[in-house]
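Please look over the sequence and the structure shown here before reading on.

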Amino acid sequence: MKTLSYKTHFSKTLNLAYPVMLSQLGHIMVGIVDSIMVGQIGSTPLAASAFANNFLAVFLMFGIGISYGITPLVAQADGQADAGKITRLLRHGIILCGSVGVLLFILLYGVSQLFPFLNQPEAVVTLGAPYFLIIASSLIPLMIFQNFRQFSEGLSVTKPTMYITIVANLVNVLLNYLLIYGKFGFPEMGLNGAGWATFASRVLMALGLCLFVMKYEKFKEYRAAFNLRKIKSDFFKPMLKLGVPSGIQFVFEVGAFAMASIMMGWLGTNSLAAHQIAISLVSLSYMMASGISAASTVRVGNQIGRSDGLNLKRVGNTSFLMSLIFMACCAIVFIGFSDFFPTLYVEDPEVLQIASTLIIIAGFFQLSDGVQVVGLGSLRGMSDVKAPTIITLVAYWGIAIPSSYLLGFTFDLGPSGIWYGLLIGLTVAAIALFFRFKKLAERKSLIFTK
């Protein structure tokens, strides 16, 4: 095997990553636009949006994590030039992701019945519960979209997802304007209008990417996958073996942020609203960094399929470096504009002051956040998911959440203390995942060169 230069690896990873980063940007912008437009009708609707979305995020990311089990398997099969296996992965992925979407909605309906018992402001729960059910139903089309997305990305086809996501995001903005504020004869639905706009945009995403996969000429050899009668239960096992631990990893991380949101609710509506502002910005940079992570999963998976250990190490190193550069830029922007960003959401002076402080803290944990998400993606490309799952459990629930409670309440640092705890957990995860990849990549390189 020819060992490629770092410059070549950087170019290949960037070409694969930037459409994913932009599609991730479009994906997360749905939530940010919702927060900005909902914030215009008051702090309480914004806090209700934060409450609902932070709860939903745990289940959403679990579902997305399950779909991530498709990508490395497709990438490895592509490296082996095994078209039959790729077809079977697509077919079983359609069934798997669609079923997961339905099951998540049923589960979330049950979760919504527990909202009155979570010690949150009554007005927040009253507004947030119906909105929560609307966006929960949108997980069904989103999971179908995820299947086709992970399949396409596994074959290094990333631009169509980007275009479809951008169009859907524009539709979401338009529908937000019409339904939140009741413009041009549409009903004024407030927060629920934002929910229905999200639902419609996700249906559009699912239909658009499904049609692309069916019609794209380069995918014609995989069209037999749409014959859903040729299903074998054993073929779900490798996807679930990778997907379920990946989903659990996301649950541990996103669940930690959701728990932080609950703790913010204990401090009051203003703290929760400020948390939503800061978390929406953090989610923006995180999801874009996850584009680099997705590219690393595909490229690492390709090297595994080709038994190319030397390029495997270089692919991972390049991805970590790209993430550090990107997240360092984000950190500078966050810290430099910490007073400006909150003004895009609300006018309440107390919310603005708290949010500005949290955004500065967010700037400091950008590097750790970038390294840990690329570490998870690179290890997923090597089909290594068990150890990273343990790492995320310890980092977020063994370290981050206890630290957040200790600093926020015991040491009375309030909202800042909660976020300092998150910073500590993210840093631990980043260090552990980086060295895990370094160790396994070296081992694979030795095996492949024998």
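Predicted model: local features only at pLDDT ≥ 70, side-chain atom pairs only at ≥ 80, totals over all residues.

## Packing of H9 and H10

Helix H9 (residues 236–267) packs with H10 at an angle of about 160 degrees, and their axes are 8 Å apart. An angle over 145 degrees counts as roughly antiparallel, so H9 and H10 are roughly antiparallel to each other. Their crossing is right-handed.

On the H9 side, the contact includes Phe250, Glu253, Phe257 and Met264; on the H10 side, Leu272, His275, Ile279 and Tyr286 are among the residues involved. By type, the residues of the contact of H9 with H10 comprise eight nonpolar, four polar and one charged.

## Threonine 297

Helix H10 (residues 269–306) also holds threonine 297. Threonine 297 has a relative accessible area of 3% and is therefore buried. Leaving aside residues up to four places away in sequence, threonine 297 touches Thr71, Pro72, Gly377, Ser378, Arg380 and Gly381.

## Salt bridges

Arginine 149 pairs with glutamate 153, with 2.9 Å between the closest N and O atoms. These two residues are four apart in helix H6 (residues 139–154), which means that about one helical turn separates them. Both arginine 149 and glutamate 153 are buried. Lysine 237 and aspartate 234 form a salt bridge at 3.5 Å, N to O, and both of these residues are exposed.

Glutamate 442 and lysine 313 form another salt bridge, at 3.2 Å, N to O. This pair links distant parts of the chain, 129 residues apart: glutamate 442 lies in helix H15 (residues 414–449) and lysine 313 in helix H11 (residues 309–336). Glutamate 442 is partly exposed, with a relative accessible area of 37%; lysine 313 is partly exposed at 22%.

Note on methods. Residues numbered from 1 in each chain as written. Heavy atoms only, no water. Buried < 20%, exposed > 50% of the residue type's maximum accessible area, 1.4 Å probe, protein only. Contact = heavy atoms within 4.5 Å. Axes fitted to C-alpha atoms, helices over the stretch in contact; angles between N-to-C directions. Parallel < 35°, antiparallel > 145°, perpendicular 65-115°, else oblique. Left-handed = near helix turned anticlockwise from the far one by under 90°. Nonpolar A, V, L, I, M, F, W, Y, C, P; charged D, E, K, R; others polar. Salt bridge = Lys/Arg side-chain N within 4 Å of Asp/Glu carboxyl O.
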